[in-house]
Amino acid sequence: MLTAQTSNYSCSKGIGCIPRSLLHRGGAYSFRAEHEAYPVAFWLNSIGISAIVLNYRVAPYRHPVPLGDIQRAIRLVRYHAAEWNIDPKRVGVLGFSAGGHLASTVGTHFDFGNEFSEDPIERCSCRPDVMVLCYPVITMGEHTRRKQNKLTGEKTKRRNSPSIIQ
């Protein structure tokens with residue numbers, strides 16, 4: 001599920017651990033767009049931000065499976081923070097299109113971990129410290145009906161209700 005793409009950046013004296021960004025590429029929850037993955041990870045590396053490209057599950061999987069993937073990935077990064085030489089309080093998400101939708105969703109549907117879980121990774125928070133949304137699909141209006149179908153797998157019925165904003 002996780003494809004690690006990290007750099008050789010390490011903590012420097014007086015600077016602290018480097019931030020980590022989880023990349024979520026778009027693809028309408030049907031596929032994962034390559035041009036929004038490793039080129040962006042390499043650019044982040046060039047400016048001192050370590051990056052992980054998340055291969056979250058897409059079709060035939062539907063919501064909430066991709067959300068669970070990103071929540072688990074954030075927990076995993078925090079759990080391995082010392083080992084991976086990163087600051088567990090500087091874990092961000094960056095997503096494009098459907099990946100932007102996924103990044104915004106984890107930023108609003110998070111928890112601070114389950115302290116009673118037998119799995120130590122599940123004890124970590126899945127709340128991102130920063131979100132970068134690149135042309136995210138964050139509305140589900142008339143023009144995004146097809147994307148909503150790909151997210152939920154449900155058939156939407158055409159409504160004749162008036163628009164709220166005219």
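Helices (H or I, at least four residues) and strands (E, at least two) are taken here as DSSP runs, numbered from the N terminus. By this reading of the predicted model, the chain holds five helices and five strands. Followed along the sequence, these elements come in the order β-β-α-β-α-α-β-α-β-α.

Of its 166 residues, 43% count as buried. The exposed surface comes to about 9700 Å², and carbon and sulfur atoms contribute 56% of that area. When contacts between residues at least 6 apart in sequence are considered, 73% of them join residues at least 24 apart.

In soluble globular proteins, nonpolar side chains tend to be buried together. Here, the largest nonpolar core has 19 residues, and the members that touch the most others are L22, Y56, I70, I74 and V93. At least two residues of this core come from each of β3 (50-54), α2 (65-79), β4 (86-96) and α4 (98-108).

With neighbours within four places in sequence left aside, V93 is in contact with S21, L22, H24, I70, I74, A103, V106, P128, V130, M131 and V132. Another core lies apart from the largest one; it is made up of nine residues, including A37, V40, L44 and V53.

Conventions. Residues numbered from 1 in each chain as written. Predicted model: local features only at pLDDT ≥ 70, side-chain atom pairs only at ≥ 80, totals over all residues. Heavy atoms only, no water. Core = buried A, V, L, I, M, F, W, Y, C linked by side-chain atoms within 4.5 Å. Buried < 20%, exposed > 50% of the residue type's maximum accessible area, 1.4 Å probe, protein only. Contact = heavy atoms within 4.5 Å. Areas by Shrake-Rupley, 256 points an atom, 1.4 Å probe, with all protein chains shown as cover.
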